[in-house]
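Take it section by section, with the structure open beside the text.

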Amino acid sequence: MTKKEKVDFAIKTLDELYPTIPIPLDHKDPYTLLIAVLLSAQSTDVRVNQITPLLFAKADNPYDMVKLTVEEISEIIKPVGLSPMKSKGIYGLSKILIDKYDGKVPQDIALLEELPGVGHKTASVVVSQAFGIPAFPVDTHIHRLMYRWGFSNGKNVVQTERDAKRLFPKELWNRLHLQIIWYGREYSPARGWDLEKDIITKTIGRKSVINDYYKNKKSR
């Protein structure tokens, strides 16, 4: 198979498996999405979805958020981990949104990245999922699968994002990054991986990855 045929096969399979794509983080607008994505760093979406209703019951907009203290925010979000740092980020960015943007979340990745606690991946998720602007946020699942499928060298997420944007049509980025995340969770996880169920990697995967899989399986 040529590289293009492999890419087409991956897209076609993902579309068949995920014709409609659930958004992993519960939110109702750009602000609540921004907070949920910030909270998800080094945590799980399941845990974040358990905590955000408690936080948003007290403050689901920047004006209410700054009425809370950093300590109060920290106490609520403690179960998601890194709460001292994340609570400062949430309070700080809420204040900036009020002072600079009339309480609204900007639609520009570069402006979002200027907010405290907001990195490139968080900014990309927000413009993609809240505003429909093409972006390709790379998480651990996408980074792993792009390597397994031979679409990227796996050196770092910056390179993986560059390769994904080069290989996949721009109009598909927003749905594809979510489809790959769901696929990674369900069919191609880091641990407990069963290649027989992982149709995409089994069909188009990097030869060394497939060989290593069978070698490790034999040695168990």
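## Aromatic rings

Tyrosine 183 is buried, as its relative accessible area is 0%. This is a predicted model. Tryptophan 149 is buried as well, with a relative accessible area of 1%. Phenylalanine 136 and phenylalanine 168 are both buried. The rings of tryptophan 149 and tyrosine 183 have centres 5.9 Å apart and planes at 65°, so this pair is edge-to-face. The pair links distant parts of the chain. Tryptophan 149 sits in the loop between H9 and H10, tyrosine 183 sits in helix H11, and 34 residues separate them.

The structure has seven aromatic pairs. One of them joins phenylalanine 136 to phenylalanine 168. That pair is stacked, at 5.8 Å centre to centre with 10° between the planes. Here too, distant parts of the chain are linked. Phenylalanine 136 belongs to the loop between H8 and H9, and phenylalanine 168 to the loop between H10 and H11, 32 residues apart. Ring pairs also build a cluster from Phe136, Trp149, Phe151, Phe168, Tyr183 and Tyr187.

Helix H9 spans residues 140–148. Its buried residues are His141, Ile142, Arg144, Leu145, Met146 and Arg148. What covers them? The cover includes helix H10 (157–167), helix H11 (173–186), helix H12 (199–204) and helix H13 (207–219).

Both ends of H9 have a local detail. At the start, a side-chain oxygen of aspartate 139 comes within 3.1 Å of the backbone nitrogen of histidine 141. Just after H9, glycine 150 has a positive phi of about 75°.

In soluble globular proteins, nonpolar side chains tend to be buried together. The largest nonpolar core here has 33 residues. Leu55, Ile90 and Leu93 have the most contacts inside it. Helix H2 (30–39), helix H3 (45–58), helix H5 (70–77), H6 and H8 each give two or more residues to this core. H2 gives the most, with eight residues.

Which residues does leucine 93 touch, leaving aside its neighbours within four places in sequence? Its contacts are Tyr31, Leu34, Ile35, Leu38, Leu115, Pro116 and Val118. Another core, of 23 residues, lies apart from the largest one. Its members include Val138, Phe151, Trp173 and Ile181.

## Salt bridges

The whole structure holds 12 salt bridges. One of them pairs aspartate 99 with lysine 95, with the closest N and O atoms 3.5 Å apart. These two are four residues apart in helix H6 (residues 83–101), so about one helical turn separates them. Aspartate 99 counts as exposed because its relative accessibility is 57%. Lysine 95, at 39%, counts as partly exposed.

Lysine 165 and glutamate 161 form another bridge, at 2.9 Å from N to O. They are four residues apart in helix H10, which means a separation of about one helical turn. Is glutamate 161 buried or exposed? Glutamate 161 counts as buried, at 10% relative accessibility. Lysine 165 counts as partly exposed, at 29%.

A further bridge joins the side chains of lysine 100 and glutamate 114, at 3.9 Å from N to O. This pair links distant parts of the chain, 14 residues apart. Lysine 100 is in helix H6, while glutamate 114 is in the loop between helix H7 (109–113) and helix H8 (120–131). Both lysine 100 and glutamate 114 are exposed.

An unreviewed UniProt entry places the feature "domain: HhH-GPD" at residues 39–186. Over residues 39–186, the chain is 66% helix and 0% strand. The end C-alpha atoms of this stretch are 23 Å apart.

Serine 40 lies in the loop between H2 and H3. This residue is buried, since its relative accessible area is 11% and the cut-off for buried is under 20%. Leaving aside neighbours within four places in sequence, serine 40 is in contact with Leu25, Asp45 and Val48.

Technical notes: Residues are numbered from 1 along each chain as its sequence is written. This is a predicted model: local features need pLDDT of at least 70, side-chain atom pairs count only at pLDDT 80 or more; totals for chains, interfaces and linings use all residues. Side-chain values use heavy atoms; hydrogens and water are left out. Buried means under 20% relative accessible area, exposed over 50%, partly exposed in between (1.4 Å probe, protein chains only). Contact means heavy atoms within 4.5 Å. A polar contact is a pair of N or O atoms within 3.5 Å; within protein, one must be able to donate a hydrogen and the other to accept it, and residues adjacent in sequence count only if both atoms are side-chain atoms. A salt bridge is a side-chain nitrogen of Lys or Arg within 4 Å of a carboxyl oxygen of Asp or Glu. UniProt positions are given in the numbering used here, feature names are shortened, and annotations may be inferred rather than shown by experiment. A nonpolar core is a set of buried Ala, Val, Leu, Ile, Met, Phe, Trp, Tyr and Cys residues joined through side-chain atoms within 4.5 Å. Rings of Phe, Tyr and Trp (its six-membered ring) pair if their centres lie within 6.5 Å; planes under 30 degrees apart count as stacked, over 60 as edge-to-face and the rest as tilted.
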